[in-house]
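Dear colleague,

I am handing over the structure below, followed by notes on what was found in it. Please read the notes with the model open beside them.

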Amino acid sequence: MAFLLATLSGCALGGNDIDPDLALPEAKVRTQSVERDIAEALPDDLVVAIHQNETGSFLACSRDGGEQWAGGLTVRVQAGASAQRLLDPIEQRYTDAEDMAVARWDSDGDSIVEISGLHLSSWIVRYDPGREEVHVSSFSPCIRLPEDIWRGDTY
């Protein structure tokens, strides 16, 4: 959990700014699109099933009212898959991506790749060998919520 908090509070590409032109529906669509792209980077022979969350929640991302849509995706993988075989293709796909940065580390036995984008957007990809799953926790660019959406809502 500490790495997640550090990610959310740290500087990503574009700084701690809110994207003033991005609406909530588009922020969610973009974020989920990258989730699917991450899953597609996994070797086909290792993927058993993919489950993408349809709804997510909101997290504060700035001191002046910015919010992020937070979602996720889980990929069930074949038994015996390795972090290297699963995460290397993801890391390679985003290493040279425009407006994105990639970091990789291990935490509590899990291998993690973090992809950071503009306006604090990020995707944390974690391989859990015990559960034979790759988890993607995603956070949209920092935006302003519409007047009719409450922070405690699911969307």
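Helices (H or I, at least four residues) and strands (E, at least two) are taken as DSSP runs, numbered from the N terminus. This is a predicted model, in which local features need pLDDT of at least 70 and side-chain atom pairs count only at pLDDT 80 or more, while totals for chains, interfaces and linings use all residues. Residues are numbered from 1 along each chain as its sequence is written, and side-chain values use heavy atoms, with hydrogens and water left out.

A pocket is, on a 1 Å grid over the protein atoms alone, an open set of points where a 1.4 Å probe fits, with protein on both sides within 12 Å along at least five of seven lines, and its lining residues have an atom within 4 Å of a point. Helix α2 (residues 24–41) gives the most to the lining of the largest pocket, namely three residues; the residues that line this pocket include Asp 19, Asp 99, His 119 and Trp 123.

Strand β4 (residues 101–107) and strand β5 (residues 110–116) pair in the antiparallel sense over seven bridges, where pairing requires at least two bridges found by DSSP. Arg 104 stands opposite Val 113 in β5. The two strands form a hairpin with two residues between them, and Asp 108 in the turn has a positive phi of about 50°.

Asp 110 lies in strand β5 and counts as buried because its relative accessibility is 13%, the limit being under 20% relative accessible area (1.4 Å probe, protein chains only). Leaving aside neighbours within four places in sequence, Asp 110 is in contact (heavy atoms within 4.5 Å) with Trp 105, Arg 126, Tyr 127, Asp 128 and Pro 129.

Best regards

Key:
Buried means under 20% relative accessible area, exposed over 50%, partly exposed in between (1.4 Å probe, protein chains only).
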